[in-house]
Amino acid sequence: RAAPSPCSSRWLLGRRRPYYLLLALFVVWSYSMLVGMPPSVTRAAIMGSLWLLANHLGRPGAAVTALALSAAVMAGLNPAILGDVGFQLSFAAMAGVVYLSPPIQRAGERLAGDAGSGLKRAVLGGTAVTLAATLATAPIIGYNFHRMSIVGLPATLLALPALPGIILTSAATAVLGLAFPWAGQAAGWLAWVFLTYLIKVVELL
């Protein structure tokens, strides 16, 4: 039996029929096409689709398998993409998260002692993921751009909390604005708050 899914569409549309799966896939790929399907978004869309399908079939998802399969699909459709820096960075970052973040987080928990509090655990988890992605992409960045940032880790940690708000409020602005301009404008003001915070972080660092 499949474990309960965190997908809101599954909760809304039920477990027995695949409507929630089709809706989620539609949203994922519509967003990917809307932003032009850059390598990082295409990789995320393929991995997300595989996770949704595995969840629907009641099978455990495996990030390594999804990452390898998405790379194979993209390279099979366009072999030249292997030389694209965006493709290399996206997959290196995800591989770093998969392989490096767990041992980094465990080391951080040993150094921090009791990591029972939710805030401490969240900070350690965010730091581990950010550091893992930074380490995995550092050789590619150094080779292609001949420079390295010394503020990448704090910048990412400060920017991460704003990203869910940016995505949700920006999407709400676009969708609501099509039918109800006043509602789209209200959502746009919420998006402005998150976006302004992100811009200030970037300007500061």
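How many residues does helix α3 have, and how far does helix α3 reach from its first C-alpha to its last? The legends below refer to a predicted model.

View 1. Helix α3, residues 39-57, has 19 residues. From first to last C-alpha the helix reaches 27 Å, close to the 27 Å expected at 1.5 Å a residue. Its buried residues are Pro39, Val41, Thr42, Arg43, Ala45, Ile46, Met47, Ser49, Leu52, Ala54 and Asn55.

**View 2. Met37 in the loop between α2 and α3.** The loop that holds Met37 lies between α2 (19-34) and α3. Met37 is a residue other than glycine with a positive phi, near 50 degrees. Because its relative accessibility is 34%, Met37 counts as partly exposed.

**View 3. A nonpolar patch on the surface.** The patch is formed by Val64, Tyr99, Leu100 and Leu135, which together have about 370 Å² of accessible area. One of these residues, Leu100, sits in the loop between α5 (85-99) and α6 (101-112). Why does Leu100 count as partly exposed? Its relative accessibility is 34%, and partly exposed covers values between the 20% limit for buried and the 50% limit for exposed.

**View 4. His146 in the loop between α7 and α8.** His146 is found in the loop between α7 (118-145) and α8 (152-159). The phi of His146 is near 60 degrees, a positive value in a residue other than glycine. At 68% relative accessibility, His146 counts as exposed, because exposed means over 50%.

Terms used: Residues are numbered from 1 along each chain as its sequence is written. This is a predicted model: local features need pLDDT of at least 70, side-chain atom pairs count only at pLDDT 80 or more; totals for chains, interfaces and linings use all residues. Side-chain values use heavy atoms; hydrogens and water are left out. Helices (H or I, at least four residues) and strands (E, at least two) are DSSP runs, numbered from the N terminus. The expected span of a helix is 1.5 Å times one less than its number of residues. Buried means under 20% relative accessible area, exposed over 50%, partly exposed in between (1.4 Å probe, protein chains only). Patches are made of residues with over 30% relative accessible area and no salt bridge: like charges are joined within 9 Å, nonpolar side chains (Val, Leu, Ile, Met, Phe, Trp, Tyr) within 5 Å. Accessible areas come from the Shrake-Rupley method with a 1.4 Å probe; for residues, only the protein chains shown count as cover. A salt bridge is a side-chain nitrogen of Lys or Arg within 4 Å of a carboxyl oxygen of Asp or Glu.
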